Each structure stands twice: as C-alpha cells, then as structure tokens.
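Student: Hey, I've just opened this one and could use a hand finding my way around. Can we go through it together?
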Amino acid sequence: MKKLLLAGGAGFIGSHLVDRLLKRNDLDMLVVVDSLWTGRAQNVDHIRDQRLVLVRSEVEHFKSDFQFDEIFHLASPASPRSDFNPMVTVECFQSRMWCSK
Ligand SMILES: NC(=O)c1ccc[n+]([C@@H]2O[C@H](COP(=O)([O-])OP(=O)(O)OC[C@H]3O[C@@H](n4cnc5c(N)ncnc54)[C@H](O)[C@@H]3O)[C@@H](O)[C@H]2O)c1
C-alpha cells in the first residue's frame with residue numbers, strides 16, 4: 001500500500017488528479033499540499049475519503065516524516081495572478097529538485 005504526495009492538488013489539474021488517485025486500490029494515504037494561491041479549497045474539501053489528507057502550506061515549506069512512494073508536483077500557477085512573485089517560482093523549482101532526490 002502506497003503513500004502519495006500531491007503538491008498543487010486544489011488547482012485545476014491537481015483536483016482532477018485527486019479524483020483519479022483516490023480510485024487506486026493500492027493507495028494507503030494521499031497527502032495534498034496546496035497554498036490556495038491560485039487553487040480553490042472547494043475543488044477538494046467536499047471529498048469524503050479518510051485516505052485523503054489536506055494540508056494548506058507553501059510546498060517549499062512543507063515538511064513530513066512520511067516516506068512517500070510517489071510524488072506529483074503541480075504546485076505552480078498556470079496563470080499567475082497580478083501579485084506573481086518570480087522568486088516563488090524559483091523556490092518552487094528548487095523544491096521540485098529536492099523532491100526528485
Ligand atoms: N492548465 C493547463 O492547461 C496546463 C497545461 C500544461 C501545463 N500545465 C502546468 O500544470 C501545472 C498545474 O496547472 P493548473 O492549470 O492546475 O494550475 P492551477 O493554478 O489551477 O493549480 C496550481 C495549484 O498549485 C497551487 N500552488 C501554486 N504555488 C504553490 C506553492 N508554492 N505551494 C503550494 N501550492 C502552490 C495553487 O494554489 C493551485 O492550487 C502548472 O505547472 C502548469 O503550468 C497546465
């Protein structure tokens with residue numbers, strides 16, 4: 001049974017991926033990390049599945065003691081808002097590098 005991490009799961013693509021991943025029968029836990037910067041809590045908070053854990057956090061500041069079997073990283077805005085800060089994108093990119101280690 002697998003523990004999965006999905007960053008950006010309250011976004012457009014991520015919320016559909018949540019639905020898809022929850023259909024897997026090898027899933028033990030799905031942790032969704034999202035800052036709700038461009039995503040919406042309503043995209044996922046209606047889901048009643050005890051395997052789903054929602055964490056509101058910047059992915060670059062997220063820490064966990066779990067060893068995840070698979071990591072999906074969609075925490076990057078497709079259409080940045082007017083308060084877009086390019087340094088966030090850089091930090092996010094660095095966190096992707098960390099995730100892939
Ligand atoms: N939508 C498309 O058609 C499309 C096409 C090709 C590639 N992509 C890529 O797929 C990814 C997701 O796209 P989307 O359309 O779902 O975008 P989206 O903006 O709807 O979703 C991104 C999610 O990531 C979250 N997020 C952003 N920065 C974060 C951070 N630092 N920490 C935690 N959460 C953060 C947002 O709150 C949001 O929920 C993007 O990288 C995008 O460039 C999208």
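Predicted model: local features only at pLDDT ≥ 70, side-chain atom pairs only at ≥ 80, totals over all residues.

Student: Okay, which residue does Glu-70 form a salt bridge with?
Tutor: Arg-24, and the closest N and O atoms of the two are 3.0 Å apart. Glu-70 sits in strand E4 (residues 70-73) while Arg-24 is in the loop between H1 and E2, so the pair ties together parts that are 46 residues apart in sequence.

Student: And is Arg-24 buried, exposed or partly exposed?
Tutor: Partly exposed, because its relative accessible area is 22%.

Student: How many salt bridges does the structure hold?
Tutor: There are 5. One of them is between Lys-3 and Asp-28, whose closest N and O atoms are 2.7 Å apart. Lys-3 belongs to strand E1 and Asp-28 to strand E2 (residues 27-34), so this pair ties together parts that are 25 residues apart in sequence.

Student: How exposed are Lys-3 and Asp-28?
Tutor: Lys-3 has 21% relative accessibility, so it counts as partly exposed. Asp-28 is partly exposed too, with a relative accessible area of 32%.

Student: What about Arg-51, which side chain does it meet in a salt bridge?
Tutor: That of Asp-49, at 2.8 Å from N to O. Arg-51 is partly exposed, with a relative accessible area of 22%, and Asp-49 is partly exposed with a relative accessible area of 22%.

Student: Let me zoom out a bit. What's the order of the elements from the N terminus on?
Tutor: They run β-α-β-β-β-α. That comes to 2 helices and 4 strands.

Student: How much of the protein is made up of buried residues?
Tutor: Of its 101 residues, 35% are buried. Ala-10 is an example, because its relative accessible area is 2%. You'll find Ala-10 in the loop between strand E1 (2-7) and H1.

Student: How far is the C-alpha atom of Ala-10 from that of Gln-42?
Tutor: They are separated by 7.9 Å, although the two residues are 32 apart along the chain.

Student: New topic: the ligand. Which residues come nearest to it?
Tutor: There are 21 residues around the ligand, and the nearest are Phe-12, Ile-13, Asp-34, Thr-38 and Val-59. By type, that shell divides into 11 nonpolar, 7 polar and 3 charged residues.

Student: Where do backbone atoms come in?
Tutor: Look at Val-59, where a polar backbone atom is 2.8 Å from a nitrogen atom of the ligand. Ser-35 has a backbone N or O atom 3.1 Å from a ligand nitrogen, and Gly-11 has one 3.0 Å from a ligand oxygen.

Student: How much of the ligand's accessible area does the protein cover?
Tutor: It covers 74% of the 820 Å² that the ligand has on its own.

Key
Residues numbered from 1 in each chain as written. Heavy atoms only, no water. Near = heavy atom within 4 Å. Polar contact = N/O pair within 3.5 Å; in protein donor to acceptor, adjacent residues only side chain to side chain. Areas by Shrake-Rupley, 256 points an atom, 1.4 Å probe, with all protein chains shown as cover. Nonpolar A, V, L, I, M, F, W, Y, C, P; charged D, E, K, R; others polar. Buried < 20%, exposed > 50% of the residue type's maximum accessible area, 1.4 Å probe, protein only. Salt bridge = Lys/Arg side-chain N within 4 Å of Asp/Glu carboxyl O.
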